[in-house]
Amino acid sequence: MDITTSLYTGKLVRLTRIELEKDPETLAEWSKDASLMRMLDETPARPLASEQIKKRLEKIEKEMDEKHEMFYFHIRPLEDERLLGWGKIYWILWPSQIANIELAIGPSEQRKGYGSDASRLFLRLAFDELNLNRLAVRLPAYNIRGIEFVKKFGFSEEVRRREVILRDGRRWDSLVFGLLRSEWSVNHG
Amino acid sequence: MDNDIFRGKLVRLSAESSEVYAEHFSRWWHDSEYGRLLDLAPGMLFSPKRVKEWLEKELEKDPPEMWLFGIRALEGDKLIGFADLSGATPHGDTFVGIGIGEREYWSKGYGTEAMKLILRFAFVELGLHRVSLNVFDYNPRGIRSYEKAGFRHEGRAREMILREGQRADVLYMGVLREDWLKQFGAEYGL
């Protein structure tokens with residue numbers, strides 16, 4: 001058993017706690033256009049003020065304390081404290097050993113390998129520390145990069161919910177991807 | 001315009017007081033098979049008092065976040081189950097839940113007719129674009145019933161459930177307004 005390899009430090013990024021004083025500003029900046037929120041799910045995108053985001057983050061911390069159904073981290077580079085994105089393992093249902101996972105990298109920090117490095121950390125945490133058997137990701141069908149990304153890590157498309165999303169005057173499917181522990185390999189991605 | 005939209009041949013969708021819902025929900029949940037067909041999470045066996053407190057808060061919301069109906073068998077006007085629509089999105093999608101708590105009404109078409117009624121409500125009154133549901137793969141009676149009400153299979157989320165030492169899948173089903181109109185429009189004079 002190797003307990004010396006850090007669960008939270010990868011080759012490029014670290015999983016860290018929320019910094020309530022600094023992070024809301026960065027997240028507010030990212031919410032000024034819809035690019036990030038629209039890639040995640042059907043929740044309507046909207047600009048958020050730092051104070052609103054701070055409240056949301058405080059709520060997340062409270063929920064993590066009280067319910068133990070979510071692990072939420074902020075992703076930062078090894079070399080400084082700036083915020084690169086967030087990731088969460090959520091809707092954990094312990095008796096079923098299942099959860100959902102979401103990962104988001106800020107628009108200006110994409111295509112630098114941070115997402116892949118963070119993903120490896122989250123999957124290891126999910127399977128080797130939380131002992132989950134299954135992870136699911138929900139993605140809009142128009143998020144082509146997201147779909148390629150999760151496939152690279154071994155996720156397969158299981159569900160295609162037809163015409164769930166109405167955006168830009170068009171109907172889009174919402175997809176569910178699943179990854180079982182037996183399909184996960186540390187070498188993926 | 002047909003306004004008699006809450007009544008079928010076997011059942012009607014009803015409004016109930018929180019006391020009546022609470023007493024029935026609490027009793028039905030003590031039937032573990034009912035609970036295991038309905039929910040991924042283990043049943044908590046809440047008291048009628050707890051259920052009532054939760055329901056009162058839900059039913060006070062106007063407009064409702066959850067459209068909850070009782071299902072009453074027309075014969076004897078007996079409350080046999082519930083149906084609800086919840087989590088409606090601004091995109092016109094919602095999830096439906098249904099449970100027939102009184103076991104002697106299983107496999108006799110009561111649930112299917114109730115589902116057809118709540119779908120009709122979703123499309124003709126709420127104006128939704130689609131309705132979604134999840135059903136467990138060990139519930140063939142439910143799957144057959146939803147197929148009859150117009151739902152199509154949209155996928156299978158693997159190994160979502162671990163019960164009795166075995167893993168089971170969750171099926172996703174959905175019905176689009178357009179397909180529903182083709183199948184049932186004539187029946188309802190639409």
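Reply: Let's start with helix H1 (residues 18–29) of chain B and helix H3 (residues 48–60) of chain B, whose axes come within 8 Å and cross at roughly 135°. This is a predicted model, where local features need pLDDT of at least 70, side-chain atom pairs count only at pLDDT 80 or more, and totals for chains, interfaces and linings use all residues. Residues are numbered from 1 along each chain as its sequence is written, chains are lettered from A and ligands numbered from 1 in the order in which they are written, and side-chain values use heavy atoms, leaving out hydrogens and water.

Helices (H or I, at least four residues) and strands (E, at least two) are DSSP runs, numbered from the N terminus. Axes are lines fitted to C-alpha atoms, for helices over the stretch in contact, with angles from 0 to 180 degrees between N-to-C directions. Angles under 35 degrees count as roughly parallel, over 145 as roughly antiparallel, 65 to 115 as roughly perpendicular and the rest as oblique. H1(B) and H3(B) are therefore oblique to each other.

Which residues meet? Contact means heavy atoms within 4.5 Å. From H1(B) come Ser18(B), Glu19(B), Tyr21(B), Ala22(B), Glu23(B), Phe25(B) and Ser26(B), and they meet Pro48(B), Val51(B), Lys52(B), Leu55(B), Glu56(B) and Leu59(B) in H3(B). By class, this contact has 7 nonpolar, 2 polar and 4 charged residues. Here Ala, Val, Leu, Ile, Met, Phe, Trp, Tyr, Cys and Pro count as nonpolar, Asp, Glu, Lys and Arg as charged, and the others, Gly among them, as polar.

Now follow the chain past H3. Pro63(B) sits in the loop between H3 and strand E2 (66–73) of chain B. The peptide bond from Asp62(B) to Pro63(B) is cis, with omega near 5°.

Finally, look at where chain B meets chain A. The contact takes 26 residues from chain A and 27 residues from chain B. Across this interface there are 5 salt bridges, a salt bridge being a side-chain nitrogen of Lys or Arg within 4 Å of a carboxyl oxygen of Asp or Glu. Glu183(A) forms a salt bridge with Arg158(B), their closest N and O atoms being 2.6 Å apart. Glu154(B) forms a salt bridge with Arg162(A), with the closest N and O atoms 2.7 Å apart. Glu154(B) lies in strand E6 (residues 152–163) of chain B and Arg162(A) in strand E6 (residues 156–167) of chain A, so the pair joins two chains.
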